[in-house]
Amino acid sequence: MAAKVFLTGASGYVGGEALYQIAKNFSQHQLKCLVRDGQKAAAISKLYPNVEIVQGDLDDSSLIEQKARDADVVFHLASTKHESSSKAIAAGLSHANRKSPGYWVQISGASMFGTPEIKANRYGESTDKVFDDVKDVKEILEVIKSNPARVVDNLVLSQDSAKVKTALIPGPMIYGKGHGPINSRSIQGPELARYALENGRLYMVGKGEAVWSNVHIHDLGNLFTLLLEAALEKKEGLWNEEGIFLPENGSMSFGDISRQILKAAVDQKLISSEEVESLQPDKVNQIMPHGAVLLGTNAKLKSSRARRDLDWKPSGPSLAEDIPGMVQDEAERLKQR
Ligand SMILES: NC(=O)c1ccc[n+]([C@@H]2O[C@H](COP(=O)([O-])OP(=O)(O)OC[C@H]3O[C@@H](n4cnc5c(N)ncnc54)[C@H](OP(=O)(O)O)[C@@H]3O)[C@@H](O)[C@H]2O)c1
């Protein structure tokens, strides 16, 4: 029997990749996507005639609850922190009239791992701790549960596992051109490249030694499809407190990222200087919203669970391999503006 999948964020970078990979690999199942914008909905329908568009907003709790109630699996990829839609998903998936548990895959963000640095106002320095999503589950749960600002993550973890099976995905730095039909561009890397091309120079937070792990968007999309497959097969041992996945396939300091972006831009004769300027966190926040956190804290992750339990084999180009193309794409984008 065809399963029902409900997805939010289809016009976005992360959700768009999930839409592409799910539509391609699970065509026998029914995919419904929440899209709030009429023009984007029409564009998605044209490319994916078999996908049902649910036109609406995350703020429409009764709509979200109804769609979640009707779904076997929900991918909530529009937002890491939209509270009311997450509550509506929880209510729909755990509804008393359901015949079987619902599955909920939730995107989250890895900035939670930098909380001690944020509290200490320490940015741009490397830390030793690597969070392994198999070995360090207790510590990771503690990071989430001790952080009341992580409302959605905590809601996900508070679900009764007999009724709702959850997978929480704290995304690290995601890079690469996505297959999404509307937005195929990430944030951290492309925004640095844009700044470099517009200003002929680039910055880093403090010493630039802070490190985030990273994952290629195609590999993240592949992880979503493996989770969907596992949900449809009702695989055990992968959900709720055993279902926190820290996807990564490499890491790089933000100083090195800035240096490699400048080198690529100089190689492509787009700018002439390879010098990276060290800036204070406040100044970086003026350039990029939350820049001090996004470019100055550490999120060193080890993705053991997906490799071990889902046979996930990330194979996308590394961030270093991707940077020249990213710079080229940003240059094209700026030309078209
Ligand atoms: N990109 C990364 O590197 C990264 C890493 C980790 C976590 N994340 C998090 O993952 C989430 C998605 O990221 P993204 O890069 O895919 O962002 P994005 O490209 O901006 O996509 C956001 C998506 O959510 C939709 N959306 C937002 N608010 C909505 C609302 N009120 N009603 C209906 N739809 C709504 C957007 O629709 P419209 O097209 O109509 O705006 C779009 O489809 C964000 O919370 C982000 O912080 C991203």
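User: Before anything else, what do buried, exposed and partly exposed mean here?

Analyst: Buried means under 20% relative accessible area, exposed means over 50%, and partly exposed is in between. The structure itself is a predicted model.

User: OK. Is lysine 269 buried or exposed?

Analyst: Lysine 269 has a relative accessible area of 73%, so it is exposed.

User: Where does lysine 269 lie?

Analyst: In the loop between α10 (254–267) and β12 (276–279). Its phi is a positive value, near 60 degrees, and lysine 269 is a residue other than glycine.

User: Which other non-glycine residue has a positive phi?

Analyst: Aspartate 311 is one, with a phi of about 55 degrees. This aspartate is found in the loop between α13 (305–309) and α14 (319–335).

User: And how does aspartate 311 count for accessibility?

Analyst: Its relative accessibility is 49%, so aspartate 311 counts as partly exposed.

User: Now threonine 8. Buried or exposed?

Analyst: Threonine 8 is buried, because its relative accessible area is 1%. The residue lies in strand β1.

User: What does the side chain of threonine 8 reach?

Analyst: The backbone nitrogen of leucine 77, at 3.0 Å.

User: Changing topic: the ligand. Which residues come nearest?

Analyst: There are 21 residues around the ligand, and Ser11, Val14, Arg36, Lys40 and Asn183 come nearest.

User: How far is the side chain of lysine 40 from an oxygen atom of the ligand?

Analyst: An N or O atom in the side chain of lysine 40 is 2.7 Å from a ligand oxygen. For asparagine 183, a side-chain N or O atom is likewise 2.7 Å from an oxygen atom of the ligand. Alanine 78 has a polar backbone atom 3.4 Å from a ligand oxygen.

User: How much of the ligand does the protein cover?

Analyst: On its own the ligand has 900 Å² of accessible area, and the protein covers 78% of that.

User: Which elements give two or more residues to the shell around the ligand?

Analyst: Those are α1 (13–25) and β5 (102–109).

User: And the shell by class?

Analyst: Nine residues of the shell are nonpolar, nine are polar and three are charged.

User: Next, cavities. How many are there of 30 Å³ or more?

Analyst: The count comes to one. The largest cavity holds about 40 Å³ of space.

User: What lines the largest cavity?

Analyst: Its lining is made of Lys4, Val5, Phe6, Gln30, Lys32, Lys67, Asp70 and Ala71. By class, three of the lining residues are nonpolar, one is polar and four are charged.

User: Which elements supply that lining?

Analyst: β1 (4–8), β2 (30–35) and α3 (61–70) each supply at least two residues. The largest share comes from β1, with three residues.

User: How much space lies in the second largest pocket?

Analyst: About 310 Å³. It is lined by 17 residues, of which Lys177, Ser184, Arg185, Asp329 and Glu330 are the closest to its centre.

User: Which element gives the largest share of that lining?

Analyst: For the second largest pocket it is α14, with seven residues.

User: How do the lining residues of the second largest pocket divide by class?

Analyst: Four are nonpolar, six are polar and seven are charged.

How values were computed:
Residues are numbered from 1 along each chain as its sequence is written. This is a predicted model: local features need pLDDT of at least 70, side-chain atom pairs count only at pLDDT 80 or more; totals for chains, interfaces and linings use all residues. Side-chain values use heavy atoms; hydrogens and water are left out. On a 1 Å grid over the protein atoms alone, a cavity is a set of points where a 1.4 Å probe fits but cannot get out, and a pocket is an open set with protein on both sides within 12 Å along at least five of seven lines; lining residues have an atom within 4 Å of a point. Grid points are joined across faces, edges and corners, and a volume is the space filled by probe spheres set on the points. Helices (H or I, at least four residues) and strands (E, at least two) are DSSP runs, numbered from the N terminus. Ala, Val, Leu, Ile, Met, Phe, Trp, Tyr, Cys and Pro count as nonpolar, Asp, Glu, Lys and Arg as charged, and the others, Gly among them, as polar. A residue is near a molecule or strand if one of its heavy atoms lies within 4 Å of it. A polar contact is a pair of N or O atoms within 3.5 Å; within protein, one must be able to donate a hydrogen and the other to accept it, and residues adjacent in sequence count only if both atoms are side-chain atoms. Accessible areas come from the Shrake-Rupley method with a 1.4 Å probe; for residues, only the protein chains shown count as cover. Buried means under 20% relative accessible area, exposed over 50%, partly exposed in between (1.4 Å probe, protein chains only).
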